[in-house]
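Here are some quick comments for you to read alongside the structure. Keep the viewer open and follow along point by point.

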Amino acid sequence: MITRDRNWLLIFAVCVALAGVYPLFADGHQLTVIRDALIFGLFAASLDFFWGRTGILCFGHAAFFGIGGYIMALVTLNDAIPFGSLLGIIGAVAGAAFVAAIIGYFLFFGGIRGSYFTIVTLAMGVICQQAAVSWSSVTGGDSGLIGIPPIEFDVGGTHVDLSQDLPSYIFVAAIVSVVVLALWSISRGRWGTVLTAIQDNEIRAAALGHNAPLRLLVTFTLSAAIAGLAGALYVCMAGLVAPDLSGLLLSTEVIVWVAVGGRGTLLGPVLGAIFIQRAQQTISSFNPSLWPLLLGCVFVIIVFVLPDGILSIYARLKSLFKSRRRAQ
Amino acid sequence: MPPKPCSPACANASPARPDAMDFLITTLLNALTLISILMLVGLGLAISFGLMNVTNLAHGEFVTVGAFAVYFVQSMGGSFWLGLAAAPIAGAVVGCILEFAIIRHLYSRPVSTVLATWGVSLILQQGLELTFGLGAKPVTPPIEGTLDLIFTVYPAYRLILIGIAMLTLLGVILLISRTSFGLDIRTVIQNREMAEGVGINTRRTYAIAFTFGAAIAGLAGGLVAPLAIVLPQMGVNYLANAFFVVIVGGVGSIGGLVAGSVFVGGLTSILNYQISPSLAQAIVLLAAIVAVRLRPNGLFNGASR
């Protein structure tokens, strides 16, 4: 267990270092591409924190991403609100957490687990997207809201303005690193251990005095809050918000990022998000309707060939070579 | 929420009749249309999700395939009725392939089933789009015009739809309660190991039951095709609603299926008049979540589990 922790921290440090030196070799456009991918990586990590630790799959996680995005857009676009960026982020996180807490309360305390939870969250995602399209007086309907200003705020007398590529990249990279590290320390500590116990046998965990529904609810709410944060960051960087951001396709893409990167590793999903988005851009440039088709194939392939994600290839090869050597 | 309700105005209510009665009957018939469709789509899900414990997210695509089968037959010059006969066959073929290629290997891995069937759903949607092209596909109903009921006039096709749905449901009830295959299914549901012990081939029973559910969903797609917008992506709406039918109604009985359909379909139809369809959908979802919180085993199954 301790070597596993050390390995994780080592890989984490390497990733942070790579992210740190990347601006020296990349131009402005490449920086923004990686920055946006990192935001989606944060989103993937938020899903992994819930799915990886509890084993319960949320099929509408983009709803929280979208809720965060829309709240951020509405707050920053309203000139009457001072400290728009800061209040927007707080509002986005709180809004996503609030919705998750309400839905989670009814589901977890109602004894809804497993597939039932997946279905209800799937419907939640469908409805969020429909609401974003049809409530056009607030959300701008199909075309969404445009002209969202970049994040700017004062901290300790210095003015932080993230309209340039490099500062925004550093800001996002720092937030992603801090949040991923925080989620990892939560999930490897006592909290995560209890969650694993609940996943293995909820009745036994409850008999040992753990309030399982409450633990699940808090984990789900935290996960949604981080998804909301990712949504808020994304709309400020992209400058627009659209119904797709809360849609079913994004909800399923984030599942693929987590599944490919390796469920329960927190770092894997971030890397999965970055690499799969890269692939998506390349494939979509040939034919836009090809991507969902390939996405479908990836789902089927993951289930049958790589149930533990891309990173498991390494472990499999290692065991393969070991058994070869033993045979000789 | 497809199918679109038929408003009293579009049904050409004559001024001599009392408006309130007209409105009531029309709303009731609209609700009945939706409930019939939901029952047929939910039946397959009640089999796979409720009884076999398989979360099949490609179930909505059986509806889509059924609707496209009607469109395809009509576009080749065939009649609607020929298309309606082809719809359940198309659903059954897709369902059978899905069961054989994917689902039977994943009975012990629920989350993997969710992911794999969602992948299949995306593949089918894009496959249909690549084959038939973008845009909504026109499907003409076999009978135009309306039928004069005493208190209101109502589109004749919708009445036929309700009739066919009811007959199908009756047929399913008879199949399950009267035939030897129905007996096999009930045995496997009650106790899989024991069923194997008395010599029932449970794998085969599962496969046939799954294919059967897919065929009924395909029939529902064919029936709804003239009323709905036929698109490769149309399945997801039916998927979400049908799951709620099964969750709210509880699994294991036809009564639960009917109760769930009446709850979801009735509420949706009534709300559709007052507010926008998306908001109506959201309220139905919330009501369903609250209903599940209050009666975890379904509306119909009091304390049977």
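The notes below go through confidence, the contact between the chains, and some annotated spans.

1. First off, remember that this is a predicted model. For the complex, the predictor reports an ipTM of 0.78 and a pTM of 0.83.

2. Now look at chain B by itself. Its mean pLDDT is 83, with 90% of the residues at 70 or more. Among its elements, helix H2 (residues 59-75) of chain B has the highest confidence, at 93, while strand S1 (residues 146-148) of chain B has the lowest, at a mean of 76.

3. Go carefully with residues 8-16 of chain B, where the pLDDT is below 50. That stretch still has 16 contacts in the model beyond near neighbours in sequence.

4. How do the two chains meet? On chain A, 35 residues are in contact with 31 residues of chain B. Helices H4 (84-109), H5 (114-134), H11 (248-261) and H13 (290-305) of chain A each give two or more residues to this side. H5(A) gives the most, with 14 residues. And what kinds of residues does the side of chain A that touches chain B have? By class, there are 25 nonpolar, 10 polar and no charged ones.

5. Last, the record. The unreviewed UniProt entry annotates several spans of chain B as "transmembrane region", including 54-74 and 80-103. In the model, residues 54-74 of chain B are 76% helix and 0% strand, with the end C-alpha atoms 34 Å apart. Residues 80-103 of chain B come out at 92% helix and 0% strand, and their end C-alpha atoms are 32 Å apart.

Note on methods
Residues numbered from 1 in each chain as written. Chains lettered and ligands numbered in written order. Predicted model: local features only at pLDDT ≥ 70, side-chain atom pairs only at ≥ 80, totals over all residues. Contact = placed C-beta atoms within 7 Å. Helix = DSSP H or I, 4+ residues; strand = E, 2+ residues; numbered from the N terminus. Nonpolar A, V, L, I, M, F, W, Y, C, P; charged D, E, K, R; others polar. UniProt positions renumbered as here; feature names shortened; annotations may be inferred. pLDDT = per-residue confidence, 0-100.
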